[in-house]
Structures are given as C-alpha cells and as structure tokens.
Amino acid sequence: MTEISIYVEGGGDMTHQKAELRQGLDHLLGEVKSKARAKRFGWKLVCAGGRQKAYDAFINALRTNEDAINVLLVDSESPIAAETGDSARDARERVAHLAARDGWDLEAAPAERIHLMVQCMEAWIVADPEALAHFYGQRFARRSLPARKNLEEDPAPDIYDKLARATRNTQKGEYGKIRHASHLLQRIDATKVAQHCRRFATFTRWLSESIERA
C-alpha cells in the first residue's frame, strides 16, 4: 500500500470551502503526514461535504482504489460509549454506532479504518483555548468554553452553544464552521487535542502505526 486516503465529513458545498478545510486538517495532521511522506506514501485528504457524501466516497474508494489505506472520518453526532483500550473492540463499536445511527453498511471495510470526531469536530477546536484566544482577540470569553477534561463527553449542541457564546462579541464575530474552522485547525495544538479528545489520539496513533507497518 502506497497511499493514505482519508474521506472526511465537512467542507460545505463549494470547492474553495473544501480546499480550505483540507488545508486546516492537513496542518493538524501534519506530524502523521510527514511520516507518510518520509516513507514515500501518497497523502490524500478528501473533504466531501455532508456525512453521506463522505460515506459514499469512502465506499467507492474501497472498490476503485484497493491498494490505498482508505479511511473514513466523520462526526459521531450523538454520544458513544467510552473507549475500552481494546483497539479491535473499540473499532467494532465505531462501526456499530454508524450502522445504528446512519444505517451504513461498512462490512466491506476493515473496522479499524473507521474513525469518529466525537461528538463533533468542534470538540477538537475547543481543546486549545489559547489558540482560540489568539485568533479571536479582544472580548473573547474564554470562560464560556466547555470545561470538561474529556471533551468527548460534551454533547455537540452544548459545544456549539458555548463556542458561540465565547466568540460572539469578538471582532471576527460568532464562530462559523465555514468561516472559521479551517483557520482554527491551522492554529490548534494537536497534542492538546489528543489530551482532551481520546479518539483523536486513537486516530492519529493508528495512522502512524499503519504507516510504520506498511
């Protein structure tokens, strides 16, 4: 296998919006991308727009690009049981969650290639309050951000609401996924995300191990 291909939920409907989100995620995953490039692996990160489009693109890649390490990365949208530390069991749980919630058939894919942003990508963003404060500047209300150590426990609506309250009085205005997410992803510290979002740590560790084994 000579290519990592990650199919991601998000990016909106416009080509330039998807390109901007891809740039942000590329930066956040920069350490893993560097490992891939060091082994002369290709690196393809596809921001597909809606979650169904990400799933469809991933399933199509399984059929048309069998030599790649094809990966699906989407929001869980709703709560999911905490990871157990058993990687095979946790992978099956991710697949079961998406099968139950979205009705997706993922039997053709190795379970370990299915990963979740829990419960939404914004959990990664709020993991680094310092980066947000620097980006939004004056009148950024840091105390309004989620305070849990494990941000994966915060329901998605709560994260959106707290992020909106923290940013609405700043010069850049209230957080908007299309307007701000790509810029913030280029600024947040991946180490902090891994500390507060266990499944991000699982995702990046699995990617690194897959590259090393290939």
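Biologist: What share of the 214 residues in the protein is buried?

Modeller: This is a predicted model, where local features need pLDDT of at least 70, side-chain atom pairs count only at pLDDT 80 or more, and totals for chains, interfaces and linings use all residues. Residues are numbered from 1 along each chain as its sequence is written, and side-chain values use heavy atoms, with hydrogens and water left out. Buried means under 20% relative accessible area with a 1.4 Å probe, protein chains only. The buried share is 51%.

Biologist: Which residues touch the most other members of the largest nonpolar core?

Modeller: A nonpolar core is a set of buried Ala, Val, Leu, Ile, Met, Phe, Trp, Tyr and Cys residues joined through side-chain atoms within 4.5 Å. The largest one has 47 residues. The residues asked for are I6, M121, W124 and L132.

Biologist: What does L132 touch, not counting residues up to four places away in sequence?

Modeller: Contact means heavy atoms within 4.5 Å. L132 then touches I125, G137, F140, L145, L163, L184 and I188.

Biologist: What is the radius of gyration of the protein?

Modeller: It is taken over C-alpha atoms, and the globule rule is 2.2 Å times the number of residues to the power 0.38. With 214 residues, a compact globule would come out near 17 Å. The protein agrees, at 17 Å.

Key: Buried < 20%, exposed > 50% of the residue type's maximum accessible area, 1.4 Å probe, protein only.
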